[in-house]
Amino acid sequence: MSNGAKIAIGGVVAAVVLIPFIGFWWSLLVLIGVPTVAYLMLDPSQRRRLRRISRKEIGR
């Protein structure tokens, strides 16, 4: 199983766990906001490297 699939499955599990506790919209905000904030915290060089690696894997 690829790393992307593992992350996607983890996100679905996190959503299912969070929805009963904090509601649908808050859990959706957490699931979208946390990866976005993590990406924005990277240095510009790290972002370029991440984009380059992602494009290479898409072509496989």
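The protein chain exposes about 5300 Å², and carbon and sulfur atoms supply 70% of that area. Accessible areas come from the Shrake-Rupley method with a 1.4 Å probe; for residues, only the protein chains shown count as cover. This is a predicted model, in which local features need pLDDT of at least 70 and side-chain atom pairs count only at pLDDT 80 or more, while totals for chains, interfaces and linings use all residues. Residues are numbered from 1 along each chain as its sequence is written, and side-chain values use heavy atoms, with hydrogens and water left out.

Start with the fold. The protein chain has 3 helices and 0 strands. Along the sequence the pattern reads α-α-α. Helices (H or I, at least four residues) and strands (E, at least two) are DSSP runs, numbered from the N terminus. Of the 60 residues, 3% count as buried. Buried means under 20% relative accessible area, exposed means over 50%, and partly exposed lies in between (1.4 Å probe, protein chains only).

Next comes the surface. A nonpolar patch of about 910 Å² is made by I9, V13, V17, F21, I22, W26, L29, V30 and V34. Patches are made of residues with over 30% relative accessible area and no salt bridge; like charges are joined within 9 Å, and nonpolar side chains (Val, Leu, Ile, Met, Phe, Trp, Tyr) within 5 Å. A salt bridge is a side-chain nitrogen of Lys or Arg within 4 Å of a carboxyl oxygen of Asp or Glu. Helix 1 (3-22) and helix 2 (24-40) each supply at least two residues of the patch. The largest share, 5 residues, comes from helix 1. V17 is one of the patch residues and lies in helix 1. V17 counts as partly exposed because its relative accessibility is 44%.

Is S27 buried or exposed? S27 is buried, because its relative accessible area is 2%. This serine lies in helix 2. S27 touches L18, I19 and I22, not counting residues up to four places away in sequence. Contact here means heavy atoms within 4.5 Å. The side chain of S27 also reaches the backbone oxygen of F24 at 2.8 Å. That is a polar contact: a pair of N or O atoms within 3.5 Å, where, within protein, one must be able to donate a hydrogen and the other to accept it, and residues adjacent in sequence count only if both atoms are side-chain atoms.

Now step across to V16. V16 is found in helix 1. V16 is exposed, because its relative accessible area is 57%. V16 and S27 are 11 residues apart along the chain, and their C-alpha atoms are separated by 8.8 Å.

Back to F24, this time for its ring. Rings of Phe, Tyr and Trp (its six-membered ring) pair if their centres lie within 6.5 Å; planes under 30 degrees apart count as stacked, over 60 as edge-to-face and the rest as tilted. By this rule the count is 1 aromatic pair. F24 and W25 form that pair, edge-to-face, at 4.8 Å centre to centre with 75 degrees between the planes. F24 is partly exposed, with a relative accessible area of 43%. W25 is exposed, at 64%.

Finish at Y39, in helix 2. Y39 is partly exposed, with a relative accessible area of 29%. Which residues does Y39 touch, not counting those up to four places away in sequence? They are R47, L50 and R51. Y39 and L50 are 11 residues apart in sequence and 9.4 Å apart in space, C-alpha to C-alpha.
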